[in-house]
Amino acid sequence: MTYQLSELSVPELATGLQEGRFTSLELVEHYLEEITARNDKLHAFVEVYADEARLAAQAADLQRRSGQVLSCFHGIPIAIKDIADIKGKTRTNGSLICSATQAQNHADVIQNLLNAGFIILGVTHLTEFCANSWGINESMGTPHNPSDMTVARLPGGSSSGSAVALGGNLTPLAIGTDTGGSVRIPAAWCGVVGFKPTMGRISTQGIFDLSQSCDTVGPMARSVRDVALLYDVMSKDNAGKQFDVSYLAQQQARGEFNPWRGARICDVIPDVRDVFSADVLRAYDRTLASMANLGAEIFSMKLPISIEEMANVHGIVLAAEGYSATRDFIQGDTSLINETTRKILGHGKGVLADDYLDAIRKRDRMAAELETFMAQYDAIILPTTMTTSPPVANVSFERVPSLYTRFVNFFDLCGLAFPNGEDEKSLPTSVQLIGRTGEDIRILDLGVSFEHLTRET
């Protein structure tokens, strides 16, 4: 049973609970055992809520037996990035300086999950104040990428612990946040799936706010289908919905039709292929071929604005907003914040008001150009990262892994990152499907169907 539980998808877990093949307590105990056995190595969890999770599982089993099922997800475990308010718990934001104050209320997304009956296993590590996309946290420890248990490799950030917990089979589902790739990069390097939604689709109330212009909360899982199901629960549109098995069946059916037939997909890297590693490109080209085989029309076109130009303007906005959000912390006790974090966040101190407003105006102009360009296509596609995960020992802070993810946040697009192969060292590669603002369901439908249809073949 232990092996089977680790392999089950969210629909399979829901069905197993409904049919009584296992209880919520058995499911929670399984994952707590996995955490006990492996978290010392993986360093995914900041804190494990073992006692609370057991009590919640026992309550879920009692409710199920009495017919009081909150949703088809009632009794399924989940891990939360330690950036969201959980009533009665401290929130570290990845920093030792934020470890004293208990949350008075749940963040909206936490309340939505609890309303659906999910059970919180614990909270996961992140980079300090979400300040880097490599996944390194020199203050609280860097999670170990489960894709290589012999070499310490970068997990990606800032939602590093959530991706590691998923990739290491310590949880079936997790929550991250994405400001410039913070869900998609760790998903890519750890071989799991992450979704950056359109802003406002998932509430950020009660979440540490690094950038008011770019912050989003994103579902993470080991399959696109599970991410899509979790998105449905987290979405503001569905808050309070009484999910049931018939609803779950409808969601599963998304994979039974082929939205790729006639879909217009734009490959936007023809002029920058040389920045990606050979392994990443091979996997990417195979993915393009698979999409074409499913009936998609593939167009190779250059974006109207260069990725580098968009990233530079985004960097100005993020620096200013990030400094504003953390100023009181980084000017505080120097012994509690790593110097690298202080340096990264301190860049925003030098951003003048004119520079910030000019960047906002440039963003608006760029957004109009990009909107016109993207109106021709159902999605654009590009690799999530330039390389597979490098060893921690080889990290270069000059080479930012978020170069090809951050524009999605800056222009409030939606983006789905999912595995599409492995390199010669069996490290995962990943691809992004990027949709227009508000096209979240369309992108998830494409992702779920691609996963289903290519798995069948």
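Start by selecting Glu19 and Arg21: their side chains meet in a salt bridge, with N to O at 2.4 Å. The term salt bridge here stands for a side-chain nitrogen of Lys or Arg within 4 Å of a carboxyl oxygen of Asp or Glu. Side chains of opposite charge can pair when their charged atoms come close.

You are looking at a predicted model, where local features need pLDDT of at least 70, side-chain atom pairs count only at pLDDT 80 or more, and totals for chains, interfaces and linings use all residues. Residues are numbered from 1 along each chain as its sequence is written, and side-chain values use heavy atoms, with hydrogens and water left out.

Now show the surface around this pair. Glu19 is exposed at 52% relative accessible area, while Arg21 is partly exposed at 45%. (Buried means under 20% relative accessible area, exposed over 50%, and partly exposed in between, with a 1.4 Å probe and protein chains only.)

Next, select Arg91 and Asp85, a salt bridge whose closest N and O atoms are 3.1 Å apart. Arg91 is partly exposed, at 21%.

Then pick Arg201 and Asp440, whose closest N and O atoms lie 3.9 Å apart in another salt bridge. Arg201 sits in the loop between strand S5 (193-196) and strand S6 (216-221) and Asp440 in helix H15 (residues 440-456), so this pair ties together parts 239 residues apart in sequence. Helices (H or I, at least four residues) and strands (E, at least two) are DSSP runs, numbered from the N terminus. Asp440 is buried at 0%, whereas Arg201 is partly exposed at 24%.

Finish with Glu29, Asp51 and Arg54, which are linked in a salt-bridge network. The structure holds 17 salt bridges.
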